[in-house]
Amino acid sequence: MNDTQKRGIKQEPQIKKVLYWCEECNIPLIAKTCSCKTQGISIPIPEPHEIRPALAFDHALITRLCEERFGTSPLAHIILLAKIGGVDRTEAVIMNGRRCAILAFDPVSREYTLSINVEALPFLLPHATRGIVTIQKDHEKKRRIGGKKVEVQTNEPEGSVIVKYGNQYGTGVLRDGYVRVHELVTVQPISFKNPHWEEVISKNTFHLKNLERQAIRDIKYHIKQHAKNRPAVNVSFSGGKDSTAVLELARKAGVTSAFFIDTGLEFPETLEFVAKQGVTMVPPGGDFWSAVQKAGPPAKDNRWCCKLLKLFPLKRYLETIGPCLTIQGNRWYESWNRSGIDITTQNPANPLQLNLSPIRHWRAFEVFLYIWWQEIPYSSLYDMGFERIGCYLCPAMLEAEYELMRVTHPKMTERWDTCLLEEAEKRGYSDAYVSYGLWRWKELPAKMKELCEREGVSKMQKVTDVKQQISRAPMESVKQITPLASSPFDAARGDFFLLSDLIYLDSASTSLSPESVIAAMIEYEHFYRANVGRGVHRLSQIATQRYWHAHEKVAQFIGGKKGTTVFTKNCTEAITTVARGLNLGQGDHIITTLFEHHSNLLPWKELEKKGVKVEIIPMTSEFLLDMDALSRACTKDTKLISVCHVSNVFGSILPVEKIAALCREHNILFLVDGAQSVPHLPVDVQQIGCDFFCFSGHKMLGPTGTGVLWIREGTPPLNPLMIGGGTVEHLSHEGYTLLSNYERYEAGTPNISGGIGLGAAIDYLKRFGMEAVRAHEQILSNALINGLKEIQGVTVYAPSDLTQHTSVISFTVDGYHPHEVAQYLDEQADIMVRSGHHCCMPAMEYLGISGTVRASLHLYSSMSDVQALIAGIKELVRGQ
Amino acid sequence: MNKETKRADPIDLILEEEPVSVRLNGSYLLTAMIAPHNKEEFVTGYLFTEELISSLADIESLRIEGSNVSVLTTNPFKISKRRMVLSGCGSSSSFLDEKRLQPILSSSQFQKTIIHKSVCSLPPISAALWNSEGCLFQCSDIGIHSAAVTCIGYGFIHNIDFSSCMLALSGRIATDIVKIALFCKIPLIASSSVPTRLAITIAEKMGLCIICGVNADDMTIYTDKNIAVCS
């Protein structure tokens with residue numbers, strides 16, 4: 001029993017499969033009887049049974065086609081169009097109570113055709129001056145030609161023709177010197193009344209009032225029915241005719257709130273129209289142009305764009321509203337998919353929203369009549385010839401409409417055509433992928449396969465210049481088509497391919513690399529792949545210099561010109577190089593902290609086997625370092641203090657300059673693990689005053705497999721972790737002399753492309769400046785922390801003084817293991833976060849928890865990402 | 001300095017000379033014998049005057065390792081080889097094409113006192129870059145050409161407007177020096193020695209002012225057009 005039946009008021013309306021027509025008034029009717037009391041004739045309308053008025057563009061088009069073919073256009077003011085199946089736009093033309101012709105668009109020739117039916121002849125024939133093919137009647141043979149192919153001699157152009165055969169007339173199609181005759185009839189000329197649409201409205205006013213009354217009643221009923229659980233009521237407004245009608249109905253029912261989701265792919269006319277309607281405009285949420293580079297164009301059977309551009313922004317918006325009843329303009333007749341929708345429907349992807357469809361049983365005919373009757377302004381795109389108002393490059397749009405767009409909005413089609421052509425080239429598809437609109441399907445349906453077969457089109461591998469392909473920098477076309485961004489950080493998102501269709505909040509584990517870093521590495525592989533320091537040939541020379549230059553860039557970036565900058569595999573290797581290179585032993589004392597990642601604990605713990613004592617300083621209740629405890633721990637045996645600059649769990653910033661001063665006072669070596677600081681803060685190792693500074697290249701937009709160890713000038717040289725090729729100045733039977741620069745510590749063939757990529761990452765970061773990066777991330781982090789703290793059941797582990805904090809945020813959700821939360825966010829919201837102990841087990845043990853969920857931001861993160869995470873957690877908590 | 005004679009000790013006047021081997025984008029470019037202290041300026045000046053780079057931004061990195069200098073341009077896989085004949089170091093593959101020389105359009109002028117001071121203060125085999133306010137850079141080298149190139153390199157690195165500068169030399173002005181001045185659009189070169197005839201001819205055509213024989217009392221202007229001297 002559906003919702004309406006439960007009410008026991010009336011039956012659900014039936015789908016109208018016919019159009020009633022008053023022959024007396026010569027107008028279409030909403031119901032069976034005209035207000036002139038005449039019973040209407042019934043015109044069958046094929047599936048999906050949708051009919052709409054022919055608007056200005058349609059009328060002008062049919063007029064032109066009729067004049068071109070028949071030299072005349074005796075068309076009525078009132079024409080209706082009924083959608084029927086075809087390869088593209090195909091509609092039955094209804095006029096004077098008859099189905100007179102079929103209007104169709106051919107996606108191959110890009111032309112419209114008008115094929116007349118015999119029902120048109122009574123009013124067309126008296127005025128036609130051409131397009132008539134006479135077939136000589138053989139009175140003796142009395143042959144029937146209806147349905148047959150007859151050879152003719154004629155100068156008429158190919159296409160739909162009027163056939164004259166004796167005293168009978170018919171219609172047919174002329175091609176290659178033959179006419180395929182449809183049928184022949186005896187034609188009696190008829191003249192018809194030619195009313196305007198105003199008369200249609202006035203003669204159907206009674207039924208329009210009924211429709212309006214019923215819709216408003218349905219709205220009021222459901223508002224009352226769901227008032228307790230869904231106190232918020234709004235209208236989902238798209239700018240189209242259906243939601244225009246629904247907005248009017250809803251406002252008459254007392255609804256005041258409405259919203260519009262801007263997908264970022266709207267017609268400018270739509271945005272202009274929506275802005276005048278007094279609705280809330282929800283800004284775009286996803287970056288379509290980046291996503292399309294990754295996912296390819298969307299298709300009717302692969303509508304990934306809806307999730308990115310509609311669903312996620314809608315979810316974020318609904319989080320601010322709470323549970324609501326949303327009134328929308330969905331109708332049965334729009335498509336096969338929507339036929340039979342109930343008055344209320346629940347979208348499982350949006351549990352907050354119950355959808356109400358009060359005009360589900362209206363045809364476009366009734367919608368326009370209502371709009372005209374109430375004199376409601378509607379989108380100008382309809383009169384321009386667009387039947388569907390939505391994203392302008394929606395795969396569901398017709399090629400006929402897209403062809404129209406090439407005239408009305410050429411810049412927009414040029415942009416999309418460029419994208420499609422690139423995709424076709426990438427996949428080795430023929431031009432038909434774009435020119436016939438084949439991109440609209442992932443798997444071509446039968447009708448399109450037939451078309452391809454008929455035209456001799458198939459997907460062929462094009463001959464390409466391989467070198468030309470690979471020398472092109474990856475995603476360079478994205479830069480040309482990425483829309484204007486409001487800040488440099490917004491614009492930067494286009495440089496990160498992975499962000500096109502998901503939210504990445506795990507940068508503390510490893511960051512993403514921008515296209516310029518990837519391009520630098522690819523250039524190495526393609527143009528000068530050679531070993532460093534080993535050859536005289538030019539490839540080796542270039543590789544050596546670029547690799548060296550990357551060291552120089554890193555040194556300058558951290559203020560470390562007065563020191564040695566060594567490239568390592570990662571931060572762990574950098575710290576281990578110090579731990580094993582210092583010759584620490586029995587009786588030596590090392591101090592570290594509870595904040596440390598295992599990579600800054602285990603290398604020291606390993607030394608306990610040699611009799612080194614390792615002391616761990618605790619944190620305060622504010623997740624900051626207990627400096628007093630650190631100070632008290634220093635003894636005459638303390639050889640080294642090793643601390644992280646920023647905690648990878650809590651985001652706390654440790655006071656490294658103060659610790660350095662303490663170290664100088666006690667003549668203690670000082671190592672700083674900058675893995676979580678260098679990517680997010682300005683760092684100057686001279687200002688810090690440390691002896692060793694270690695960090696990860698891959699967390700600062702560099703490639704994986706890169707890290708850095710910086711050693712202050714004047715620090716006694718370390719024993720290298722490994723020695724081998726490239727580390728010696730001299731080697732003989734007597735002994736060897738190690739080099740004194742970074743090469744001393746980089747034995748063997750290093751990660752050359754990684755090092756060069758790291759240099760490119762530095763160049764990228766310098767474009768923004770680390771002060772700006774810090775400021776950007778701080779705004780986002782503060783918003784995230786504050787947003788999470790407002791959710792009941794969520795505990796955030798961060799210093800309350802947010803100036804002592806960076807963009808790493810750990811939290812737990814009551815009742816959920818951190819892995820469950822991370823999995824939920826991944827599956828339900830495409831958000832990537834880390835969960836667990838984060839290689840910081842002692843800290844977790846200290847807090848008495850098994851782990852946390854950790855969200856970590858970077859310069860490419862956005863407020864939209866933050867809002868999505870907050871919305872996701874709220875949804876999770878609500879689901880308990 | 002010898003305290004008795006109050007003259008510079010001859011041993012102190014000995015100039016160091018060492019080879020500098022230059023690689024550009026991995027390939028060998030030249031080896032020159034120069035005074036060792038201004039390698040970066042010499043190499044940069046050489047690349048600029050040989051039209052291998054047109055701005056400082058073209059240099060991605062310059063690495064000095066002992067007597068080796070290696071330069072990478074921002075697009076190391078595209079090298080333009082446009083060279084002209086020199087009498088100085090290492091460019092015997094070039095040719096002199098007057099059609100490609102640009103005339104001097106600068107209207108800068110220099111006081112006689114400046115010109116006099118710029119030349120007379122030079123030690124042997126040296127070059128200096130001056131503007132109307134004074135000396136910007138001076139260096140001594142193995143040859144005049146190397147010294148001039150080094151001065152140009154300095155000016156290039158420090159983004160100096162050459163059209164407002166003059167080049168002072170303590171050796172003979174030949175076409176190689178004229179070519180450098182024309183390329184950098186330096187309106188005036190001055191020297192203590194007499195120039196070559198070809199140098200005068202080309203300078204005259206291109207509006208470059210050559211002043212030679214500069215001493216305490218006098219100087220000779222060898223070109224008629226665009227005399228960049230004021231009282």
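Is Arg834(A) buried, exposed or partly exposed? Keep that in mind while you find your way around, and remember that this is a predicted model.

**Stop 1**

Select Arg834(A) and colour it by accessibility: at 34% relative accessibility, the residue counts as partly exposed. Asp506(A) counts as buried, at 7% relative accessibility.

**Stop 2: another pair across the sequence**

Next, pick Asp501(A) and Lys294(A), whose closest N and O atoms are 3.1 Å apart in a salt bridge. Asp501(A) is in the loop between helix H18 (488–492) and strand S20 (503–504), while Lys294(A) is in helix H8 (residues 288–295), so the pair ties together parts that are 207 residues apart in sequence. Both ends are partly exposed: Asp501(A) has a relative accessible area of 29%, and Lys294(A) has 31%.

**Stop 3: a pair inside one helix**

Go to helix H13 (residues 410–427) of chain A, where Glu423(A) and Arg427(A) are 4 residues apart and so separated by about one helical turn. They form a salt bridge with the closest N and O atoms 2.3 Å apart. Glu423(A) counts as buried at 5% relative accessibility, whereas Arg427(A), at 42%, counts as partly exposed.

While you're in chain A, select Arg110(A), Glu399(A), Glu403(A), Arg406(A), Asp417(A) and Arg440(A) together: salt bridges link them in a network. Over all chains, the count comes to 44 salt bridges.

**Stop 4: Thr270(A), under cover**

Jump to helix H7 (residues 268–275) of chain A and pick Thr270(A). Thr270(A) is buried, with a relative accessible area of 1%. Show what surrounds it: beyond its neighbours within four places in sequence, Thr270(A) is in contact with Ser238(A), Gly239(A), Phe260(A), Leu381(A) and Ile389(A).

**Stop 5**

Val728(A) belongs to strand S28 (residues 728–731) and is partly exposed at 31% relative accessible area.

**Stop 6: where the chains meet**

Bring in chain B. Here 14 residues of chain A are in contact with 15 residues of chain B, and the area buried between the chains is about 1200 Å², with 54% from carbon and sulfur atoms. Which side chains meet in a salt bridge at 2.7 Å, N to O? Zoom in on Arg546(A) and Glu60(B); the interface has 1 salt bridge.

**Stop 7: inside chain B**

Colour chain B by domain: domain 1 (18–98) and domain 2 (100–230). Between them, 29 residues of domain 1 of chain B are in contact with 26 residues of domain 2 of chain B. The two domains bury about 2500 Å², 67% of it on carbon and sulfur atoms. Select Glu50(B) and Lys179(B) too, whose side chains meet in a salt bridge at 3.8 Å, N to O.

Finish at Ile34(B), in strand S2 (residues 27–34) of chain B. Ile34(B) is buried, with a relative accessible area of 0%. Among the residues it touches are Val20(B), Phe42(B), Asp141(B) and Ile142(B).

Definitions and conventions:
Residues numbered from 1 in each chain as written. Chains lettered and ligands numbered in written order. Predicted model: local features only at pLDDT ≥ 70, side-chain atom pairs only at ≥ 80, totals over all residues. Heavy atoms only, no water. Helix = DSSP H or I, 4+ residues; strand = E, 2+ residues; numbered from the N terminus. Buried < 20%, exposed > 50% of the residue type's maximum accessible area, 1.4 Å probe, protein only. Domains from an automatic or database assignment. Contact = heavy atoms within 4.5 Å. Buried area = accessible area lost by both parts, 1.4 Å probe. Salt bridge = Lys/Arg side-chain N within 4 Å of Asp/Glu carboxyl O.
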